Amino acid sequence: MPASPSTARAINDRLALRLLQQEGPLTAGQLKTLTGLSRPSVADLVERLQVSGLIRVVGEAGEQRRGPNARLYGIVADRAHLAALDVRTQGVSVVVADLVGDTLAEATLPIGSDTGTEPAVERAVALLESTAHEAGVRRLHSVGIGAPGLIDPVTGELRNSTKLPAWHRRLVGALQQRLPATVLVENETNLAAVAELRLGAARDLDDFVLLWLGQGVGAAVVLGGALRRGASGGAGEIGFLPVPGTGGLPSATGCDAGFHALAGAAAVRDLAVLHRIDGEAEEAVRAAAAGECPGGRGDAFLDALAGQLAVGAAAVAAVLDPGCVVLGGEIGYAGGAALATRVEARLAALSPLRTGIRPTELGGEAVLRGALLAAREAAQAELFAPAS
């Protein structure tokens, strides 16, 4: 059935707003070309969106032509403000942005393991409040949170975990109670994958797996351009993957003998020590990838690390056949192309399925970028909705 006039207007408005979000300020003529709408329809659309306070004139086109310059229309960026939090085991990072995603202020705060639950929560909340104040923001519309652990697919809440600080789960609840804002929480690796899909190494892909290499190990699955969380929200808990070379098997309560034992930061650090390379895992990988280790030790270290990572990547390829694995997290970023190329070569020897390996383009910033995307989409879904 054909859409009613009101439905058609709502569809056209959303299309125009999406184009303005993706392309930046546009003239009415450019909107006409990109939407395929008639000139009168675009004129009506622009008027509706201006009256609703969603767009405004932000300048003039610089094209040489007869008559007055065409007006440039852009989204009203300060119509709503957003925040994103990257919650880690040892601290929290915050970014505050406007409706189009431009950063206004950001900050990071370490929180030691000896900090009590309530003091840790209060420090994290205070960091968000002070960062918003620094940005000149009085009220946040949407807040996206990236945290390690499982997210319940039904309730959207962070589940209890004996391996994670208690303040993580308490922080989510505190923000939901204390802020007059929409508060969303998602697994950190999933958010990193969304950021890589939209802004990073997977921009040209519909199918890929992000392998997060940091203090812990995780994976996020994107198929058909959509994030796949699994029946219980646990898709990608690759640290628990049983693999050879760990001397044992993981259990339901611990991944110490799973793939985590080959790819986690502690394992990478131990491997670096064997190759007489100093520094923490990220530092050792970065030095090796930059060719700063004498006597060929860096190459030998990266070859060995690639062999360990390829074991997990081969299992992912065999089950999902994603066509591409992105090496994310701080260690994946530190290794860059030097590590990714080696993993791809080792994987080709283990699996008959052709699977490319790419380094992350966003590194440790991917979680914050993904959380900000989630907050922005939540805000725009509400503000850009047709008037009832």
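How many residues of strand β12 (residues 324-328) are buried? Strand β12 is mostly covered, with 5 of its 5 residues buried. Buried means under 20% relative accessible area, exposed over 50%, and partly exposed in between, with a 1.4 Å probe and protein chains only. This is a predicted model, in which local features need pLDDT of at least 70 and side-chain atom pairs count only at pLDDT 80 or more, while totals for chains, interfaces and linings use all residues. Residues are numbered from 1 along each chain as its sequence is written, and side-chain values use heavy atoms, with hydrogens and water left out.

**The sheet around β12**

In a regular strand the side chains alternate between the two faces of the sheet. In β12, C324, V326 and G328 point one way and V325 and L327 the other way, and all are buried. Helices (H or I, at least four residues) and strands (E, at least two) are DSSP runs, numbered from the N terminus.

β12 belongs to an open sheet of 5 strands, in the order β11-β10-β9-β12-β13, with mixed pairing. The edge strands are β11 (226-228) and β13, each of which pairs on one side only. Neighbouring strands of this sheet are turned by 30° against each other on average, direction ignored; the axes are lines fitted to C-alpha atoms, for helices over the stretch in contact, and angles run from 0 to 180 degrees between N-to-C directions.

Two strands pair if DSSP finds at least two bridges between them.

| Strands | Sense | Bridges |
|---|---|---|
| β9 (residues 208-213) and β12 | parallel | 4 bridges |
| β12 and β13 (residues 356-359) | parallel | 4 bridges |
| β10 (residues 217-223) and β11 | antiparallel | 3 bridges |

Opposite G328 in β12 stands W212, and V326 has R358 of β13 opposite.

Helix α11 (residues 329-350), together with β12 and β13, makes a right-handed β-α-β unit. A crossover is right-handed if, with the strands pointing away from the viewer, the path from the first strand over the helix to the second runs clockwise.

**Helix α1**

Helix α1 (residues 5-23) has 19 residues and reaches 27 Å from its first C-alpha to its last, close to the 27 Å expected at 1.5 Å a residue. The expected span is 1.5 Å times one less than the number of residues. Its buried residues are A10, D13, A16, L17, L19, L20 and Q21. Among the elements that cover them are β1 (26-27), α2 (28-35), α3 (39-51) and α12 (366-383). Contact here means heavy atoms within 4.5 Å. Just after α1, G24 takes a positive phi of about 90°.

**Single residues**

N190 is found in helix α6 (residues 188-199). This residue counts as buried because its relative accessibility is 3%. Leaving aside neighbours within four places in sequence, N190 is in contact with A219, A220, L227 and R229.

E280 is found in the loop between α8 (265-274) and α9 (281-289). At 54% relative accessibility, E280 counts as exposed. E280 and D270 are 10 residues apart in sequence and 9.3 Å apart in space, C-alpha to C-alpha.

Two cysteines complete the account. C255 is buried, with a relative accessible area of 18%, and C293 counts as buried at 15% relative accessibility. A search of the whole structure finds 0 disulfides, a disulfide being a pair of cysteine sulfur atoms within 2.5 Å.
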